[in-house]
Amino acid sequence: MAEERNVFEVITDYSVNERINQILLENKQYQDIQGQIDKQIKLFEELNLDKEQRLIVDRLVSLHTESGALYGRVTYQQGCRDCVTLLQAMNLIKAS
């Protein structure tokens with residue numbers, strides 16, 4: 001059974017997963033960080049870790065990535081909520 005999502009979640013997915021990705025790809029600071037990541041990957045590969053050690057590092061990196069993605073989603077949604085609250089306080093939109 002497919003998970004039912006509200007409009008806010010759909011907008012968040014689009015904004016975080018597509019729109020922001022395109023913006024980041026054009027961002028110099030983001031490109032620099034990606035270059036640093038590439039260098040670190042090469043250094044990591046030179047360590048010649050065994051399979052178990054590589055899996056531990058992979059899990060750690062995956063969890064950090066998952067945590068960062070969740071942080072981005074939650075902060076984006078909270079920012080939208082804060083914007084609505086501000087617009088309501090300014091009487092620019094009505095509270096529902």
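Predicted model: local features only at pLDDT ≥ 70, side-chain atom pairs only at ≥ 80, totals over all residues.

Colleague: Is isoleucine 93 buried, partly exposed or exposed?

Modeller: A residue counts as buried under 20% relative accessible area and as exposed over 50%, with partly exposed in between. The relative accessible area of isoleucine 93 is 34%, so this residue is partly exposed.

Colleague: Which residues make the nonpolar surface patch of about 450 Å²?

Modeller: A residue needs over 30% relative accessible area to take part in a patch. Valine 84, found in helix α3, has 37% relative accessibility and so counts as partly exposed. Isoleucine 93 has 34%. The patch of about 450 Å² is made by Val84, Leu86, Met90, Leu92 and Ile93.

Colleague: What distance separates the C-alpha atoms of valine 84 and lysine 94?

Modeller: Valine 84 and lysine 94 are 10 residues apart along the chain. Their C-alpha atoms are separated by 9.5 Å.

Colleague: Let us turn to charged side chains. How many salt bridges does a search of the whole structure find?

Modeller: Side chains of opposite charge can pair when their charged atoms come close. The cut-off for a salt bridge is a nitrogen to oxygen distance within 4 Å. Arginine 73 and aspartate 13 meet at 2.3 Å, and aspartate 32 and lysine 28 have their closest N and O atoms 2.8 Å apart. The search of the whole structure finds two salt bridges.

Colleague: How many residues apart in sequence are the parts that arginine 73 and aspartate 13 tie together?

Modeller: The side chains of arginine 73 and aspartate 13 meet in a salt bridge. Arginine 73 lies in helix α3 and aspartate 13 in helix α1, so the pair ties together parts of the chain whose separation in sequence is 60 residues.

Colleague: Which helix holds both aspartate 32 and lysine 28?

Modeller: Aspartate 32 is partly exposed at 35% relative accessibility, whereas lysine 28 is exposed at 55%. The two residues are four residues apart, about one turn of the helix. Both lie in helix α2.

Colleague: Let us now consider the pockets. Which element gives the largest share of the lining of the largest pocket?

Modeller: The largest pocket has a volume of about 400 Å³. Among its 13 lining residues, the closest to the centre are Ile37, Gln40, Ile41, Val61 and Thr65. The elements that give two or more residues to this lining are α2 (28-45) and α3 (51-89). The largest share, seven residues, comes from α2.

Colleague: How many charged residues are in the lining of the second largest pocket?

Modeller: The second largest pocket holds about 180 Å³ of space and is lined by Val16, Ile20, Asn21, Leu24, Gly72 and Tyr76. Two or more of these residues come from each of α1 (7-25) and α3, and α1 gives the most, with four. For the largest pocket, the lining divides into six nonpolar, four polar and three charged residues. For the second largest pocket, the division is four nonpolar, two polar and no charged.

Notes:
Residues numbered from 1 in each chain as written. Heavy atoms only, no water. 1 Å grid on protein atoms, 1.4 Å probe; cavity = no way out; pocket = protein on both sides within 12 Å on 5 of 7 lines; lining within 4 Å. Points joined across faces, edges and corners; volume = space filled by probe spheres on them. Nonpolar A, V, L, I, M, F, W, Y, C, P; charged D, E, K, R; others polar. Patch = residues over 30% accessible without salt bridge, like charges linked within 9 Å, V, L, I, M, F, W, Y side chains within 5 Å. Areas by Shrake-Rupley, 256 points an atom, 1.4 Å probe, with all protein chains shown as cover. Buried < 20%, exposed > 50% of the residue type's maximum accessible area, 1.4 Å probe, protein only.
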